[in-house]
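These are my notebook entries on a single structure. I set down what I looked up and what I found at each step.

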Amino acid sequence: MPAEILLKGGTLVTASETREGDLLVRGGKIVEIGQGLQTTGQVLDVTDHLVMPGGIDSHVHLSHPIDKLGIKTADDFFTGTIAAACGGVTTIIDFALQRQGDSLAETLESRVGEVRDEAVIDYSLHPIVTDVRAETLAEIPSLIGEGFPSFKVMMTYAGKRVNDTGLLNVLEATSQHGGIVYLHCENDAAVTHLIDRYSKRGDTAPHFHELSRPALVEAEATYRAICLAELMGASICIAHVTNAGAASHIRNARERGLPVVAETCPQYLTLTKEVFDPSRGFESAKFVCSPPMRGEEHREALWDALKEGGLQQVASDHAPFRFSDQKTLGRGDFTRIPNGLPGIETRLPLVFTNGVKAGRIDVNRFVELVSTNPAKIFGMYPEKGSLDIGTDADLNVIDPNREVEVDHEILHSAMDYSPYEGMRLAGFPTWTMSRGDIIVGQGEPQGDRGRGQLVQRSPLAPEALP
Ligand code: URP
Ligand code: ZN
Ligand code: ZN
């Protein structure tokens, strides 16, 4: 690490302000911000660039096992974090999936072991609670104290799903200790019923995936999660909101002052259910994810909710499966198409281009949605997600006028397609800095394997949620 790096002549952008200025980095921290700063160290000329806090992606699945198919997501913690850095991201939060009978602590310990020597950027983990026993619930307070204040609960997915009784217990256990429950909301009975209906008819093509998970299935579970959280006095974050009905339940809850926050993802902001048009045949498998993309009216409703404050963050839900040998496991049976899309590297450019450049949100709201709010929601602010003096020098430096045409060959994921092929996007970083190290320079990755550190996250005060 050079002794000092001075970023000179840029436009500094945070969630609350935009100003011209220089920024001095020393010892991995931001130490000075002002005009006409000097250094004996390295100078980066960032004229015509925006200097922003590094992106935080709180929803990624690297080396994520899908037991029923015997596969893992295509990116491991090295390729995935290289791709993240090349998309301006400096911190990820992945997951630690509890197996039946295992403790959350041993699940986390073994998952940290998988990440530790691989990650190029800083990281943390959300335990995914699947086995809600008294012993599991008893672990929650100590894990919050040890830096893991968020717990993922899936309301659907065989083998991982938690029923309402289990969810109430997890909500209760987190509520008293500064935890937050991160929820995948779909009505499991309804999804299972619809899948059975299509499967029995022999309707096996990918577009039946979308038909078996309609918006109402998600909206109902979202509303139920909000009600159960209110009953338990718990804070919740709703993952991957796709539709106007779910967004309206979230807005109503927030208007009543409940500690409810929510995310959407670039796929729901930039794609529609057209990707499942039967005329596309099995190519549609590239877009199979849960919940699925919706109609145009939902896409615009999500942008409105981002603009008006009804949704608080945009995460990628990066769950990459190669088309050639992973998505194709579901040929002839849509229930065996692994669910998820790649997006760790394209998240910021997609939101910058379709949000800021298209005039839907301003650049401060952009920073808030992709960096500052995730830091606040998941207990990392202000060390991450800000440009304050004394905080980590995690920076995303972009030339807002440089466009790149998306092609999976030039992206850094271990993937054989991108859902966004051919789109021209601005917002890829010229430089990405992580704790003062330049890990992407002129768009090229240069971070060392294993340099990423586990972030010690703080318990959350419900009133501090954005
Ligand atoms: O289809 C998706 N989103 N796969 C990733 C796992 C999840 O549900 O978030
Ligand atoms: Zn999910
Ligand atoms: Zn996910």
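**Entry 1. Cis peptide bonds.** I worked from a predicted model. I began with Pro291, which I located in the loop between α9 (266–270) and α10 (296–308). The peptide bond leading from Ser290 into Pro291 is cis, and its omega is near -5 degrees. I then turned to the loop between α12 (363–377) and β16 (395–398), where Pro382 is found. Here too I noted a cis peptide bond, joining Tyr381 and Pro382, with omega about 5 degrees.

Entry 2. I looked up Ser63, which is not a glycine and yet has a positive phi of about 45 degrees. Ser63 sits in the loop between β6 (55–57) and β7 (65–66). Its relative accessibility is 11%, so I recorded Ser63 as buried, the cut-off being under 20%. Arg435 belongs to the loop between β19 (429–434) and β20 (437–441). With a relative accessible area of 14%, Arg435 is buried.

**Entry 3. Cysteines.** How many disulfides does a search of the whole structure find? I recorded zero. I then checked Cys265: its closest cysteine sulfur is that of Cys289, at 8.2 Å. A disulfide requires the sulfur atoms to be within 2.5 Å, so the sulfur of Cys265 is too far from that of Cys289 for a bond. I also looked up burial. Cys265 is buried, at a relative accessible area of 0%, and Cys86 is buried at 5%.

**Entry 4. The zinc ion (ligand 2).** Which protein donors does the zinc ion (ligand 2) have? I listed His184, through ND1, and His240, through NE2, lying 2.0 Å from the ion. The pair links distant parts of the chain, 56 residues apart. His184 is in strand β12 (residues 180–184), whereas His240 is in the loop between β13 (236–238) and α8 (244–255). I noted that both His184 and His240 are buried.

I next examined the geometry. Why is the arrangement around the zinc ion (ligand 2) irregular? The four donor atoms subtend angles of 56 to 146 degrees. Last, I looked up the separation of the zinc ion (ligand 2) from the zinc ion (ligand 3), and recorded 3.9 Å.

Conventions:
Residues are numbered from 1 along each chain as its sequence is written. Chains are lettered from A and ligands numbered from 1 in the order in which they are written. This is a predicted model: local features need pLDDT of at least 70, side-chain atom pairs count only at pLDDT 80 or more; totals for chains, interfaces and linings use all residues. Side-chain values use heavy atoms; hydrogens and water are left out. Buried means under 20% relative accessible area, exposed over 50%, partly exposed in between (1.4 Å probe, protein chains only). Helices (H or I, at least four residues) and strands (E, at least two) are DSSP runs, numbered from the N terminus. Donors are N, O and S atoms within 2.8 Å of the metal (3.2 Å for Na, K and Ca); water is not among the atoms, so sites may look incomplete. Four donors count as tetrahedral if all angles lie between 85 and 135 degrees; four count as square planar and six as octahedral if opposite donors are over 155 degrees apart and all others between 65 and 115; anything else is irregular.
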